[in-house]
Amino acid sequence: MADEPMPSRSNSRKDHRPEKPSQSAMVRFLKKLFTLGVAMTLLCVAAGVIIMLYYRSQALPAVTVTQNSQIYDFQGKTIDTFHSGQNREMIRITDISPYLIQAVLSIEDRNFYNHLGIDPKGLARAAIQDIKTMSMEQGASTITQQLARNLYLSHDRTWSRKIKEAFYAVHLEMQLSKDQILEQYLNQIYFGHSTYGVQAAAKMFFGKDAKDLDLAESAMMAGVPKGAKYYSPYLNMENAKSRQKLILQAMAGRGIITEEQADAAYKEQLTIIPRQTGTESEAPYFQEYVRNVVIDKLGITEEQFEAGGFRIYTTLDLRAQKIAEEAIEKEIPAESELQAALIAIDPRNGYIKAMVGGRDFKANQFNRVFATTRQPGSAFKPVVYLAALAESFSPLTQYKSEPTVFTYDEGRQTYAPSNYDSTYDNDYIDLRRAIMKSDNIYAVHTIMDVGPDKAVAMAQKMGITSPLKALPSLALGTSPVSPFEMASAYGVLANQGVRAEPMAVIRVEDHAGRVLFEAEPVETPVIHPAYTYVLTNLMQSVFEEGGTGFRVSDLMKRPVAGKTGTTNYDAWMVGYTPELSTAVWVGYDRDKTIGKLDQRKAAPIFAEFTERTLEAVPPKLFPMPEGVVTVYVDPVSGKLANEGCPSTRMETFVQGTEPTEYCVDAGLLQQSESGEQKKAESTWWKDLKRWWNE
């Protein structure tokens, strides 16, 4: 039997190793994956080509028809109709300044000539940001998308609208050349003030054709469509200049201009011509304010506001508005540079009844009612005195009216105020006289004892939102506030300690009558009505003989409380009745001091407006709430008055702060009366005996 061959060692080891994956299988898998990817890519390309060919063959949809919006006063009278697209002039792209074209492209769509209507990078970047913030804040719209939205869609911030916008953008790209799209866009964009397109805007802002705009003018204009209410040079030159600088830097970054050209253009002094509005509008400053309110409340654009067919019902009283404008015209000559502002609010519900933001809306659209750069002067004192009354001050609290140096900040600083014309009583005075005469020394004493922080807190509760410095000088109104804030704050005094949030828009309806917005009154208790009643009673003294408002007392036929205010640059009269809280400001727009004659114009404007507006309303006393007591006092001693006091007056107090002692002790008064009687009897007996003896 032959020997069988033995298996080799090496073969034995090889048979027991684990098998490795086949390299050929991996290669086959990758080939299949690559093939699938190529197929999907080709499929997508084919689908894209088919879609493009389809859009290429289809006509562009018809442009959405616009409808005019209307605004009404509180009685339903038409204030104005917004005529959308009235100021528009179509031009060719060859008639537009190259500077303007490049400025628009630099800030709106720098890749305009390199995409097919959608910028993938910008879209991805915006989508990531929107997902992070769970919002639709990032637009990432190309110029083509913006044109599509303006022509065919609403401005809703929804994903469905964005998807439609992208499809329409591609459709536009398939039908029109890049220059045709850019030309249409430049003729469609909105520049505010009912003006559409670069030609009409160039004439409005600079009085020239779009082809003649220089670099500085082009950069200024290109920034406006981002938001006319923020970047229009008519409404906010500071914002307009800031955006102009941003655009110039973008142009320099792309190499279109040099840094030196950008700097020179930014420093160029532009001549913005006064806006020509055609026909005179009713309450133009109020209309602009309502426009901003509605746009913010509904989240729409200015174009939609004018062309959306909205019916806007407001709080304005057209009759009161006309009276306000006439009162200002009567006091300030047409040729004067002096400006004025008036805001009147119904303190019971916060309704804005009249608003005059300046003397000539055509010449200047800046609404001075909301200017937060003017010092209210002594008109701010009632805020301090209300805080003092809440801290147990009374109308009989006394300070000496004389030149005084106040120390604060733990003795590190001093403050030395003075009275108007350096006139002092040089004696102790009480709160009523301090308000009547507008004594500055008394006011600073008060805020020093109450604490500036408490005065600031009271101002904020009363509706003053401007930043206030907690300093002794705050009592004299050195922190700027707006007339709007002052009228709102005084409304708390008129409405028995309750603040009604000011409102201008009651309701907004669409063209079909569906309610899109309806205001809900907001009322906030600020302080017990007893304190506001006592302060109101004191502030009525301003219109009595010797008071700073006495010169207009003959015009007032009803109970009115108020306070004047004067600085080197401002004159104020702020006051109220139970039905109306009104702030009047007079001054110059630029840093120009106001003369004594001009200082006296605010009070007559206030008096005539208040009396004429309320002439059909029977005069009303301010209602006396619970917690108020009225007694006769001796103003010299600050005690209750009796027959022994040299002088007496009736005074009103928050219950618990009235005096409890008499100026002359009752026992001493009785002894004195008994002595006088005996003396009288003694004299009569002696006279009788003398007559008998004779």
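Buried residues make up 48% of the 694 residues in the protein. Buried means under 20% relative accessible area, exposed means over 50%, and partly exposed lies in between (1.4 Å probe, protein chains only). This is a predicted model, in which local features need pLDDT of at least 70 and side-chain atom pairs count only at pLDDT 80 or more, while totals for chains, interfaces and linings use all residues. Residues are numbered from 1 along each chain as its sequence is written, and side-chain values use heavy atoms, with hydrogens and water left out.

**Overall fold**

The secondary structure comes to 24 helices and 21 strands. Helices (H or I, at least four residues) and strands (E, at least two) are DSSP runs, numbered from the N terminus. Contacts here are heavy atoms within 4.5 Å. Among contacts between residues at least 6 apart in sequence, 69% join residues at least 24 apart. The accessible surface of the protein comes to about 35,800 Å². Carbon and sulfur atoms hold 52% of that surface. Accessible areas come from the Shrake-Rupley method with a 1.4 Å probe; for residues, only the protein chains shown count as cover.

**An enclosed helix**

Helix H20 covers residues 483–494 and has twelve residues. From first C-alpha to last, H20 reaches 16 Å, close to the 16 Å expected at 1.5 Å a residue. The expected span is 1.5 Å times one less than the number of residues. Twelve of the twelve residues of H20 are buried, so the helix is largely enclosed by the rest of the structure. Among them are Phe 484, Glu 485, Tyr 490 and Leu 493.

What happens to phi just after H20? Gln 496 takes a positive phi of about 55 degrees there, although Gln 496 is not a glycine. The residue lies in the loop between H20 and strand E12 (498–500). At 31% relative accessibility, Gln 496 is partly exposed.

Asn 426 also has a positive phi, near 50 degrees, in a residue other than glycine. Its place is in the loop between strand E10 (413–415) and strand E11 (428–429). Asn 426 is exposed, with a relative accessible area of 51%.

**The disulfide**

A disulfide is a pair of cysteine sulfur atoms within 2.5 Å. By this rule the count is one. Cys 645 is joined to Cys 663, with S to S at 1.5 Å. Cys 645 lies in the loop between strand E20 (639–640) and strand E21 (649–654), and Cys 663 in the loop between E21 and helix H24 (666–693), so the pair ties together parts 18 residues apart in sequence. The torsion about the S-S bond is about -100 degrees, so the disulfide is left-handed. Cys 645 is buried, at 11% relative accessible area.

**Salt bridges**

Side chains of opposite charge can pair when their charged atoms come close. A salt bridge is a side-chain nitrogen of Lys or Arg within 4 Å of a carboxyl oxygen of Asp or Glu. The structure holds 28 salt bridges.

Glu 579 is buried at 6%, whereas Lys 620 is partly exposed at 38%.

Glu 217 is buried at 8% relative accessibility. Glu 509 is buried at 11%, and Arg 507 is partly exposed at 22%.

Salt bridges also form a network, which links Lys 322, Glu 326, Lys 330, Glu 608 and Arg 612.

**A nonpolar patch**

Met 26, Leu 30, Leu 33, Leu 36, Met 40 and Leu 43 form a nonpolar patch on the surface. Together they have about 620 Å² of accessible area. Patches are made of residues with over 30% relative accessible area and no salt bridge: like charges are joined within 9 Å, nonpolar side chains (Val, Leu, Ile, Met, Phe, Trp, Tyr) within 5 Å. Leu 30 lies in helix H2 (residues 23–57). At 47% relative accessibility, Leu 30 is partly exposed.
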